[in-house]
Amino acid sequence: MKHTMKAMPVSRAVLRGIAIDLRRLCRINMPYFPVDYVLELVPEIIPGYKVVIETIEKMGNNHGLTLYAEKIIKIREDVYEGACEGKGRDRMTCAHEIAHAILHTNTLISARDYGKLERYEDPEWQAKALAGHILIPDAIARQHTAEEVVGICGVSSDAAQFAVSLVPRHQQIRRG
């Protein structure tokens with residue numbers, strides 16, 4: 001895969017810490033992360049940023065975009081509505097764009113062919129990983145099955161299965 005954007009390297013451990021810090025900053029003490037509420041807080045928690053909900057006509061196939069220079073997170077209106085209704089994929093899209101704003105403002109190097117990147121240097125991987133940690137706390141992934149995580153955290157089955165797979169087997173709580 002050809003990459004034209006490269007981010008400062010970030011480990012999964014650092015991303016977990018950022019997710020914990022974001023939950024504390026937003027005073028979210030429950031497993032379910034209210035992404036619609038946090039989008040409203042963006043101007044307070046990410047200095048200079050604003051969130052714009054755009055029409056499907058304006059966004060086209062883009063479900064969400066983060067414009068670093070303009071400090072704008074754009075979410076397509078149907079995706080925002082889906083997130084408000086608790087649709088896992090739409091909630092992940094919103095968390096992904098929040099993650100880009102947190103991680104990549106003033107840190108991306110662009111307009112160059114980087115070829116293959118290590119995943120921890122890939123801004124898309126970083127945003128996806130951070131979004132996963134924001135929506136699915138490690139303690140929940142450790143203590144529940146993927147099916148339970150879907151209901152508790154309001155995420156897709158794929159996201160829940162991936163989060164549960166990250167927990168080392170010896171740390172998973174066994175039932176039965």
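This is a predicted model: local features need pLDDT of at least 70, side-chain atom pairs count only at pLDDT 80 or more; totals for chains, interfaces and linings use all residues.
Before you start: residues are numbered from 1 along each chain as its sequence is written, and side-chain values use heavy atoms, leaving out hydrogens and water. Local features need pLDDT of at least 70, side-chain atom pairs count only at pLDDT 80 or more, and totals for chains, interfaces and linings use all residues.

**Exercise 1. Find how the axes of helix α2 and helix α4 cross, and which residues meet.**

Step 1. Locate α2 at residues 35-45 and α4 at residues 77-84; helices (H or I, at least four residues) and strands (E, at least two) are DSSP runs, numbered from the N terminus.

Step 2. The two axes come within 8 Å and cross at roughly 125°. Axes are lines fitted to C-alpha atoms, for helices over the stretch in contact, with angles from 0 to 180 degrees between N-to-C directions.

Step 3. That angle makes α2 oblique to α4, since under 35 degrees counts as roughly parallel, over 145 as roughly antiparallel, 65 to 115 as roughly perpendicular and the rest as oblique.

Step 4. Now look at the contact (heavy atoms within 4.5 Å): V35, D36, L39 and E40 of α2 meet Y80, A83 and C84 of α4.

**Exercise 2. Work out the strand order of the open sheet and what packs on it.**

Step 1. The order of the three strands is β1-β3-β2, with mixed pairing; two strands pair if DSSP finds at least two bridges between them.

Step 2. β1 (50-54) and β2 (64-67) are the edge strands, each pairing on one side only.

Step 3. β2 runs antiparallel to β3 (residues 72-76), joined by four bridges.

Step 4. Helix α5 (residues 88-104) lies across β2 and β3, at about 10° to β2.

**Exercise 3. Find what lies over the face of Y32.**

Step 1. Go to the ring of Y32: R91 lies over its face, at 4.0 Å from the ring centre.

Step 2. Apply the cut-offs: NZ of Lys or CZ of Arg must be within 6 Å of the ring centre and within 35 degrees of the ring normal.
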